[in-house]
Amino acid sequence: MSALLHPAQLRCTGSINLSHRSNRVLSARLEVHPALKTPTGRRSLAIQQRRSSNSIQISAGAASMEGFTVKTVPTKPIEGQKTGTSGLRKKTKVFSGDNYLANWIQSLFNALGDEVKGKTIGLGGDGRYYNKEASQIILKLAAGNGVKKASCCLALLAHGKLIVVIVGQDAIMATPAMSALIRQRHIYGGLIMSASHNPGGPEEDWGIKFNYSAGEPAPEKITDKIYGFTTSISELKMADIPDVDLAKIGTTKFGDFEVEVVDNTVDYFKTLKEVFDFDMLRKFVARSDFRFVFDALHAVTGAYARPLFVKELGATQDAIKNGTPLPDFGGGHPDPNLTYAHDLVEVMFGDNAPDFGAASDGDGDRNMVLGNHFFVTPSDSVAVIAANAKDAIPYFKSGLKGVARSMPTSGALDRVAEKLGLPFFETPTGWKFFGNLMDAGKCSICGEESFGTGADHVREKDGLWAVLCWLSILAYKNKDVPEGGKLVTVKDIVMEHWKQFGRNVYSRYDYEGVKSEEAEAMMKHLGEVITSSKKGDKFGEYTLETADNFTYTDPIDGSVAKNQGIRFVFQDGSRIIFRLSGTGSAGATIRMYIEAYTNDQSQFEVDAQDVLKSIIGTALEVSKLKEFTKREKPTVIT
């Protein structure tokens, strides 16, 4: 039953619970004005209503409904909550400590201010340990911070619905899926609970980040504000509502606060179907002479793999490996590289290997691509995708707007851009730089050497998108090959690409868990080396063209990013790059990138480590890495 009532026809009864700090209405009881109970009173109030142009639509039930209470919980700042583009990552025990997560979430809402009031946000994560408990804390804080400013109960009703949170079922939502959700539903933003490719569990890592209204990671103007509030926070606004059953799809309401639990595949798959020719993919996957395997590493893409590859594309159940998301990722490290995705590597380099293999990471934004006894580097992968996108992927049939790569990524994409006449951009590491280019219509496809590939369909790197790209290229290349004929393989595609563009031989050495002071001392030493170096200097057998600490001026907003990585670029096109990564929760990771270019076809099948042996020795010598870190070998070689 509904009625159109003027504010004068309502009155407050009982008490109104106000926050003395913010003048927010926390709870109120409303009832129909007694005058409405008599004909004379109704005529009198009708006159008042005609004298005012404002009216509000409410339901008779809502008029007598009591809202929830918001508790003001005292707290104090906690050190170490500086937020980066990838959010905040710490050990799980840190986040689950007193108010650590709550402080950050409250600081986020403080930073967003009035802009977020009454808006819809998304919530989900990679399924790691502590996500479900964290979800309930976040929901209570969202409700507590979503109540509109009001001086009386009438204003509460006049503003209507306060806030809605859309949650992936079981609190699961891959990072690119959250970006798709935000863009498909035009919601305000979304919170992603993930520490990306880092391990999960009580003793491992946990993380949280906020994506903004275009589906992109929060810009610095927001993350800087969040950090500022974490240093001065004094109270939490926590709604007194019960936990929500996140396993059940549907809507739960607490007064004007709603939690909608959704199928986490729907909006994401809708986006992917706007990009790819699913009919072509189904026909190719159905071939009796084609086999593939996808390894979800017991991470978030396990929730998407069977619905996508089995239900949508018709693959067999055994095509999915490690497909159940687990809180500790099955005790593994959900990083899709040759070291941590060892189950997949053994299959793809074993006897009777499938034709195509792929894996994704903890939160579903990274990917690794393999052929039968063949590894595709991330740098080559994005170059091959860009070179074939117009023909093989309907979304790009009109051509590419431009392409971009991060500075440490090999120059393979540069060569594609040059030959195809495409605008090309070299950015610092960080997806936000690609997002700026995409929002300005200047970039269609982009990639990072750290197994991140993506396009402008969302504003995050997208692991499953990259896998579908490769399946689409394989399907297109084999469209005229009869079943039982000789298939064009992953290796064939890459070799043909190298014949056309040349090979950028490339490798990355990761030294994980290095003591911060040792890593910083090495980087300081390298800074001194580039300062004292000049064009023409010899480094082993290599002649220096330039050495610097990479600086990027954003062509869209003019912002400047400095100290993005130390580069040695040699006159033959070879490069050595050093960067520190702090995305883990303990110590630092030194990343050493080595690259050499060749168009000599006799070198195309030579192992990268053999081709790069000389320049790797030069890199270790100039950096004095072994002396500073006492490390004899890297943790991971890609």
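Reader: In the largest nonpolar core, which residues touch the most other members?

Author: A nonpolar core is a set of buried residues joined through side-chain atoms within 4.5 Å. In this predicted model, the largest such core has 79 residues, and Phe309, Phe356 and Trp465 touch the most other members. Helix H16 gives the most to this core, with 11 residues.

Reader: Which residues is phenylalanine 309 in contact with, leaving aside its neighbours within four places in sequence?

Author: Contact means heavy atoms within 4.5 Å. For phenylalanine 309, the partners include Phe292, Phe294 and Ile320, along with Leu464, Val467, Leu468 and Leu471. There is also a second, separate core, made of 47 residues, with Leu88, Leu112, Ile121 and Ala142 among them.

Reader: Now the sheet, please. In what order do the 5 strands stand?

Author: Follow the open sheet across as S15-S14-S16-S17-S18, and note that its pairing is mixed. Strands S15 (320-321) and S18 (374-376) each have a single partner strand, so one side of each is left without a neighbour in the sheet.

Reader: How many bridges join S14 to S16?

Author: Strand S14 (residues 292-295) and strand S16 (residues 356-360) run parallel, joined by 4 bridges. As one place to look, find aspartate 295, which stands opposite alanine 359 in S16.

Reader: Which strands does helix H16 lie across?

Author: Helix H16, residues 463-477, lies across S14, S16, S17 and S18, and runs at about 165 degrees to S16. Helix H17 (residues 490-501) packs on the sheet too, touching S16, S17 and S18. The direction of H17 makes about 55 degrees with that of S18.

Key:
Residues numbered from 1 in each chain as written. Predicted model: local features only at pLDDT ≥ 70, side-chain atom pairs only at ≥ 80, totals over all residues. Heavy atoms only, no water. Pairing = 2+ DSSP bridges. Helix = DSSP H or I, 4+ residues; strand = E, 2+ residues; numbered from the N terminus. Axes fitted to C-alpha atoms, helices over the stretch in contact; angles between N-to-C directions. Buried < 20%, exposed > 50% of the residue type's maximum accessible area, 1.4 Å probe, protein only.
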